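This report is for a reader new to the structure shown below. Please look at the sequence and the model before reading on.

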Amino acid sequence: PERYRNDEVGAKWDVRDRLALTAAVFALDRSNAAAVDPQDATRLVQTGRQRTTGWELGAQGAVLPRWELAAGFGAQLAKITGQLQQAAAAPGRRVPLVPRTQWSVWN
């Protein structure tokens with residue numbers, strides 16, 4: 001089975017009655033991580049250990065009396081930290097299919 005450990009610290013600032021800003025930093029460690037087998041897309045193989053670090057910023061609430069907003073931006077970096085014998089990716093390499101940045105806006 002895959003195992004996870006997630007450490008996160010964050011802060012929230014209520015700028016005014018209906019507007020809040022948030023910030024967080026995090027680290028996620030995975031062991032026994034699985035990925036699609038590059039030789040056979042119908043199989044999963046264990047790849048070893050991974051570590052993802054990153055941060056997030058957010059804003060939610062009423063910017064003006066008739067204008068509400070929910071927005072967020074985050075950045076992360078996922079790397080392989082340990083390798084199983086059959087895994088192709090060496091420690092230090094980026095984990096594929098993990099976005100470096102992400103954002104969302106609801107207006």
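The sections below cover a pair of strands, one backbone angle and the salt bridges.

The model is predicted. Strand β1 spans residues 3–16, and strand β2 spans residues 19–37. The two run antiparallel and are joined by 13 bridges. They form a hairpin, with two residues between them. Across this pairing, Tyr 4 stands opposite Arg 30 in β2.

Strand β1 is hardly covered: among its 14 residues, the count of buried residues is zero.

Asn 32 is found in strand β2. Its phi is near 55°, a positive value in a residue other than glycine. Asn 32 is partly exposed, at a relative accessible area of 29%.

## Salt bridges

The count of salt bridges is five. One of them joins the side chains of Glu 2 and Arg 30, at 2.6 Å from N to O. Glu 2 lies in the segment before β1 and Arg 30 in strand β2, so this pair ties together parts that are 28 residues apart in sequence. Glu 2 counts as partly exposed, with 29% relative accessibility.

Glu 68 forms a salt bridge with Arg 18, and their closest N and O atoms are 2.4 Å apart. This pair links distant parts of the chain, 50 residues apart: Glu 68 is in strand β4, and Arg 18 is in the loop between β1 and β2. Glu 68 is partly exposed at 38%, and Arg 18 is partly exposed at 44%.

Technical notes. Residues are numbered from 1 along each chain as its sequence is written. This is a predicted model: local features need pLDDT of at least 70, side-chain atom pairs count only at pLDDT 80 or more; totals for chains, interfaces and linings use all residues. Side-chain values use heavy atoms; hydrogens and water are left out. Buried means under 20% relative accessible area, exposed over 50%, partly exposed in between (1.4 Å probe, protein chains only). Helices (H or I, at least four residues) and strands (E, at least two) are DSSP runs, numbered from the N terminus. Two strands pair if DSSP finds at least two bridges between them. A salt bridge is a side-chain nitrogen of Lys or Arg within 4 Å of a carboxyl oxygen of Asp or Glu.
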